[in-house]
Amino acid sequence: MNALNRRTASRLVVGGLALTLLAACAGTGSVDTDEAPAAGTTADANEVESLTFWSNHPGGSKEVEEELIAAYEAEHGIEVNLVSAGADYEEVAQRLNAALAGGDLPDVVIVSDVTWFNFALTDALAPMDELWETVGVDSEGYVDSLREDYAFDDAHYALPYSRSTPLFYYNKDMWEAAGLPDRGPETWDEFAEWGADLQEANPDVAPLVAPDGSAYLDWLFQGMIWTFGGAYSDEWEPTFTTDGSIAAGEFLQDQVETGNLAISNDPNNQFGAGQAASLLASTGSLGGLTETTEFEFGTAFLPGPQPGVTTGGAGLGIPAGIDRARQEAAMEFIAFFTNTENTVTFTQATGYMPVQKAALETEETLAFLEENPNARTALEQLELTSPQDYARVFVPGGGARIGAALDRITTGGEDVETVFTELDEETRTVVERDIEPQL
Amino acid sequence: MTADARTEDRPVAALTAPPPGSGARVVTTRGQRYRRREVLLALAFLFPNLVLLGVFTYRPLLDNFRLSFTSWNIASPTAQYIGFDNYVEWFTSSSSQTVLWNTVVFTGAAVVGSMVLGLALALLLDQKLVGRNAVRSLVFAPFVLAGAAVGVAFQFVFDPTFGLVQDVLGRLGIDAPSFYQDPRWALFMVTTTYVWKNLGYTFVIYLAALQGRRAELDEAAEIDAASTWTKFRRVTWPQLRPATFFLLITVLLNSFQVFDVIHTMTRGGPLGDGTTTMVYQIYQETFVNLRAGYGATVASIMFVALLLITLAQVFLMERGRQK
């Protein structure tokens, strides 16, 4: 090696050292700044040539999403990249969390009833109210209760998209075999009475099947706990240990122990295969069950006394970290995607509820409901719904935490009061540690 | 020997070396230059890798340690320094004990199960059997499958309503256990699934070791009329020790970090943490409970634990070799 080569080698050494030092000194981009990510400069939304939409295709909606996107592209000349960003709402949220730390944000993202709040709390989602005005969105056209589900601190952080309520699905043949009227039980006490008849008439078949705690039992049980006078929380104050909440937990446990209720990791398939006489599931399951079941089934309100039903599902949000022009273009896309005509298309393909008031009255909707009376149940039940408890939807990990506790009292057979007392304390700790400092 | 021949036989360095005591320093400097040249050249070749390692391995590692001392909502742009609070919480939490127990059981069963079964299959398929190549391929195939795909497939195998296990046990008049609702059976289910997926790896390493063993030792044992067990214990097994040590480290490290099978099959449940291992706890705390600082703490504890286990294994292996 000659002198020149030695110099080259030395430069390599020094350059490499410098690069390594630079790399080691660089921050994560996530924790070193006190400033929230800010939208960029104002620009013309018409200059945006493409948008990225992260979805989990709720209710098997990938085809209809592609269909609506094709219509949007044809009308607006903006390319939309539909990204399968997760198998469920939680996985999409996890991917968004990773993107917030590492970059590459989408322009439109699906956010569920459980996931949107933390993004709003941390300024990761853009407030939409000003964007509505800029783009000219008629926010009043959306069903009020569904739109207001995304309100926090005098702003809205999403618009309703794949919204649902739980439904009571029942197998009409098994109902008939048990000599029951062609309707769902009006109260949980009535269901408990019917359970024995169903077990006797349909041996080896569970009268009712519901998902376990890892698959949204916490969402379904929320209505039940209300009918017993309890709740998960009163705003930020956990109320798992009130008499009503404990009574609801004991009722749930009793139904499992008497064989009236089966907890399953795959309840829709169990019901669809005739292994259960009835099912607690989302309206979003209606399309799939209608396609796959080979028996006649009906849908009914969740047992009361009402209110015993909540809403759920997801909306569409816009990250705060993308520039203003993209935000406006994204807002236009969301407005198109959830307009009256398209919400009718989406609803009929999936079973989710129409999110536009006008969609409830269109000829198409009325004709569809005439042909599909099972779909009518969700719309009629909408009037009876109540907003979800903070402990489930706003407290980080709330749904999973409550679901795990419900598993302990159902499949684990643990004492309800003990489990709910622990749950109450855990929830209180999380609120004090993770929520209160940010409010 | 001629003078020329003697000259040719001398090392190159000696040719340029001054006579002892001459005090000439030029040649010494050239020798140093020669060594420096080699060092610089080596560094030049090493640097790209060192930079990549620094950026993609050691910097995240250091960053993770830094984050473990913070309270950080992963969606938030800010984090608060909280000292050792996360570590205190993990070491005093009752759920940590469950997670640690699950990790030890899962890892232990996965290491022992896949190594014992892998060795047994390797010994069997090392014999001259009809169609052994096809069977070898079948045994190895699951290892190249994605863990998530294996998890989804085995969900059906263990399905309480339609599953293969339920069907087979039903034909034998046995009620299938509650794989998805009883934490012990759930842990058994995910461990079995992982062992099945990982079997091909231990099998192929053991098979390679068996095929590389010294044939004359086997022949000597046969001449001495050693029994099959004695031959295995005294002749074959000692030759498999390096492979066993290698597998012990790699399988243990891999098993410790299994995520995909658990996520697709049980999501860490039932009962909340029935199959939650340390890696799964990192995910749960970071992405479900949104406590990225606490997740980093669990990751740091796991890193130190793995480091200590690996060092202990190396130490024991070295000591065994010296003996």
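**View 1. Asp182(B) and Arg184(B) meet in a salt bridge, their closest N and O atoms being 3.5 Å apart.** What you see is a predicted model, in which local features need pLDDT of at least 70 and side-chain atom pairs count only at pLDDT 80 or more, while totals for chains, interfaces and linings use all residues. A salt bridge here is a side-chain nitrogen of Lys or Arg within 4 Å of a carboxyl oxygen of Asp or Glu. Asp182(B) is buried at 18% relative accessible area, whereas Arg184(B) is exposed at 68%. Buried stands for under 20% relative accessible area, exposed for over 50%, and partly exposed for values in between, using a 1.4 Å probe and protein chains only.

View 2. Lys231(B) is partly exposed at 22% relative accessibility, and Glu222(B) is partly exposed at 49%. A salt-bridge network links residues of both chains: Arg433(A), Asp434(A), Glu89(B), Glu285(B) and Arg291(B). Over all chains, the structure holds 29 salt bridges.

**View 3. A nonpolar patch sits on the surface of chain B.** Its members are Phe303(B), Val304(B), Leu307(B), Leu308(B) and Leu311(B), with about 440 Å² of accessible area together. Patches are built from residues with over 30% relative accessible area and no salt bridge; like charges are joined within 9 Å, and nonpolar side chains (Val, Leu, Ile, Met, Phe, Trp, Tyr) within 5 Å. Accessible areas come from the Shrake-Rupley method with a 1.4 Å probe, and for residues only the protein chains shown count as cover. Phe303(B) belongs to helix 14 (residues 292-322) of chain B. Helices (H or I, at least four residues) and strands (E, at least two) are DSSP runs, numbered from the N terminus. With a relative accessible area of 33%, Phe303(B) is partly exposed.

**View 4. Five strands of chain A make an open, mixed sheet.** Follow the strands in the order 2-1-3-15-6. Strand 2 (79-84) and strand 6 (159-164) of chain A stand at the edges with a single partner strand each, so one side of each has no neighbour in the sheet. From one strand to the next, the twist averages 25°. Strand 6 of chain A runs antiparallel to strand 15 (residues 312-317) of chain A, and five bridges join them. Two strands count as paired if DSSP finds at least two bridges between them. One of the partners in strand 15 of chain A is Gly312(A), bridged to Ser164(A). Helix 2 (residues 62-76) of chain A packs on the sheet, touching strand 1 (50-55), strand 2 and strand 6 of chain A, and its direction makes about 165° with that of strand 2 of chain A. Angles run from 0 to 180 degrees between N-to-C directions, with axes as lines fitted to C-alpha atoms, for helices over the stretch in contact.

**View 5. Strand 8 (residues 208-211) and strand 11 of chain A pair in the parallel sense over four bridges.** Leu208(A) stands opposite Leu261(A) of strand 11 of chain A. In a regular strand, side chains alternate between the two faces of the sheet. From strand 11 (residues 261-264) of chain A, Leu261(A) and Ile263(A) point one way and Ala262(A) and Ser264(A) the other, all of them buried.

**View 6. Phe119(A) is buried, at 2% relative accessibility.** You will find Phe119(A) in helix 4 (residues 116-121) of chain A. Beyond its neighbours within four places in sequence, the residues in contact with Phe119(A) (heavy atoms within 4.5 Å) include Ala93(A), Leu96(A), Leu100(A), Val111(A) and, from the other chain, Ala75(B). Tyr157(A) is 38 residues away from Phe119(A) in sequence, with 8.8 Å between their C-alpha atoms.

How values were computed. Residues are numbered from 1 along each chain as its sequence is written. Chains are lettered from A and ligands numbered from 1 in the order in which they are written. Side-chain values use heavy atoms; hydrogens and water are left out.
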